[in-house]
Amino acid sequence: MSNTSVINASYLNLSYHDESSEIIKDASFTINKGDFVFITGPSGSGKSTLLKALYGKLKPFSGDLNVGGLDMNEISNKNLQKLRQNLGIIFQDYKLINEWSVEKNVALPLIIAGYSKDIQHTQAKRLLTHVKLLEHIYKTPLELSGGEQQRVGVARALSKNPFLILADEPTGNLDEYSSNVIWDLMENTCEQLNTTVVVVTHKIPNIFSIPYRHLIIENRGIYEIH
Amino acid sequence: MKFIKNHITFILPLMAVLIGLEFYFVFERTTKNYEEGLKNNYSMLIVAHDKVDIEYLRTLNSHIATIEEVKKDSIVDEISKGLKDSSKASLSKILPHFYNTKLDTYLSMDDISSIKADLEKSNKIKSVETFDNSHNSTYKLFVFLKFIFKIFILFIGIVSFFLIFKQMEVWSLTHKDRMNIMEIFGAPLFLRSAVMYRIAVTDAFFSSIFISLVFVYLKYNWASSSGIEILMHNRELIFEFGDFFKMLGISLAIVITSVYLVVSNMKDER
């Protein structure tokens, strides 16, 4: 693994059950700091499964997977919690806590890390201004549209300045306008903060203007398209 | 509304357990007080050839609490009306010694028979009279009432525990999404479950305080007019300050166990 690599997979096999039902087989790839990577593939090809392995929800069946310098095969619960605290994760179904305010949802990674209420509030305000949702700060997610909820999800992913952002079909449930807003936000983040971003999606957006890498999952393997 | 409903559905069965528990305390204290009365009213009559003292009797059986010698003079006076003084003196000499004996605790007839047998083994003791019939029926009724009451309390406890477990299932559904999301973002278990512990501990305090206040009310406003003699004269039997801490301790144990069971079923599925 080079000094700048954030994710390194070597002969990675992923399965929910056993060897016969492997979803990803013998995949090897490296993602470096600052890369913006799209992972595409047909439905059921294992895109979301790969993402689950990257944030430690699924343990590799065999092979090596290293995220942020941590071996995902041997990672302890404590280290897994630390790793997740330094990731920004965006989901297709937003995964917001509906009984909490928008502000508290955005501040969730800061709450978990034990930051003071003042810092939580300041950071939430800053990010909600950035995603143009400041006027909704005290509302609950259910009072917002789908596009707005996903912007809250993006703000939450950014709130602790993560070294890696993982996004699982972030615009899968959104209309074209809302999708463009989300891609815009992610482009800016990668450019301004030099954060590594891995996006799983079925289609790369046309409006994308910054350089990116494209990995495709096909027949259980992962290949890079140049 | 949902918040109140969430609390109420947990507080009510918790209160049922605490009411049962406090009734148990009251019943234990009342029956102990009643037992004390029965014990003090119950005595055995020992007829002895020679004078005996308490130490000697205790070597025969440790349940002997006190003895009191019945004065021979009063017996002689009663049975020797019209006799000469010299005859009275002879009578007094040949009469055995009589002792009223009290026991240290309230015992069953089997235990009393065993004490009688122990005492009668001694050469100094001629016979021991016990008062079986009335004692036995009182004792049996007393034991039966105690048994029925404990069964009743146990039944309330079991039903309440089922309600608490049912509520735990609701909790696990209510909090599952939030806890899963927090887990994805790296929250440790104690932080994920902090809300549930906070609700549960609040409910435990509220239930304990509420039930304590109800029994304090009964103690000061109901006992004296209850018509139950033992409670009218012993109001403290209804509620003691220590009961609050016992109830709080037990309710905390119940709620913490409940939350732990919910939380441990939501561990990382990795």
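Biologist: Hello! In which handedness does helix 8 of chain B pass helix 10 of chain B?

Modeller: Welcome, and keep in mind that this is a predicted model. The contact between these helices includes M196(B), A200(B) and F205(B) of helix 8 of chain B and F244(B), L248(B) and V255(B) of helix 10 of chain B. Helix 8 of chain B passes helix 10 of chain B in a crossing that is right-handed.

Biologist: Are helix 8 of chain B and helix 10 of chain B roughly parallel or roughly antiparallel to each other?

Modeller: Let's start with the axes: those of helix 8 (residues 194-222) and helix 10 (residues 241-264) of chain B come within 9 Å and cross at roughly 155°. Angles over 145 degrees count as roughly antiparallel. Therefore the word for helix 8 and helix 10 of chain B is roughly antiparallel.

Biologist: How many Å apart in space are L189(B) and V263(B), C-alpha to C-alpha?

Modeller: Along the sequence, 74 residues separate L189(B) and V263(B). V263(B) is among the residues of helix 10 of chain B that make the contact with helix 8 of chain B. From C-alpha to C-alpha, the distance between L189(B) and V263(B) is 8.0 Å.

Biologist: Now the strands of chain B. Which residue is the bridge partner of V47(B) in strand 4 of chain B?

Modeller: Strand 1 (residues 44-48) of chain B pairs with strand 3 (residues 97-103) of chain B in the antiparallel sense, over five bridges. There, L45(B) stands opposite N100(B). Strand 1 of chain B also pairs in the antiparallel sense with strand 4 (residues 125-129) of chain B, over four bridges. In strand 4 of chain B, the partner of V47(B) is S127(B).

Biologist: Let's visit chain A. Which strands are the edge strands of the open sheet of four strands?

Modeller: The order in this sheet of chain A is 2-1-4-5, with antiparallel pairing. Strand 1 (residues 5-15) and strand 4 (residues 62-67) of chain A are joined by five bridges, and I7(A) stands opposite V67(A) in strand 4 of chain A. An edge strand pairs on one side only, and in chain A these are strand 2 (22-32) and strand 5 (70-71).

Biologist: At about what angle to strand 1 of chain A does helix 1 of chain A run?

Modeller: Helix 1 of chain A covers residues 47-54. This helix lies across strand 1, strand 2 and strand 4 of chain A. Its angle to strand 1 of chain A is about 120°.

Biologist: How many residues are in the largest nonpolar core?

Modeller: One member to look at is L54(A), which is among those that touch the most other members. Leaving aside neighbours within four places in sequence, L54(A) is in contact with I7(A), V67(A), L166(A) and V198(A). Another core lies apart, with 25 residues, including L18(B) and M196(B). The largest nonpolar core has 68 residues.

Biologist: Last one: what percentage of the residues of chain B count as buried?

Modeller: Chain A has 226 residues, and buried residues make up 42% of them. Chain B has ten helices and four strands. Of the 270 residues of chain B, the share that counts as buried is 21%.

Definitions and conventions: Residues are numbered from 1 along each chain as its sequence is written. Chains are lettered from A and ligands numbered from 1 in the order in which they are written. This is a predicted model: local features need pLDDT of at least 70, side-chain atom pairs count only at pLDDT 80 or more; totals for chains, interfaces and linings use all residues. A nonpolar core is a set of buried Ala, Val, Leu, Ile, Met, Phe, Trp, Tyr and Cys residues joined through C-beta atoms within 7 Å. A residue is buried if 20 or more other C-beta atoms lie within 10 Å of its own, exposed if 12 or fewer, and partly exposed in between; C-beta atoms are placed from the backbone. Two residues are in contact if their C-beta atoms, placed from the backbone, lie within 7 Å. Two strands pair if DSSP finds at least two bridges between them. Helices (H or I, at least four residues) and strands (E, at least two) are DSSP runs, numbered from the N terminus. Axes are lines fitted to C-alpha atoms, for helices over the stretch in contact, and angles run from 0 to 180 degrees between N-to-C directions. Angles under 35 degrees count as roughly parallel, over 145 as roughly antiparallel, 65 to 115 as roughly perpendicular and the rest as oblique. A crossing is left-handed if the near helix is turned anticlockwise from the far one by less than a right angle, and right-handed if clockwise.
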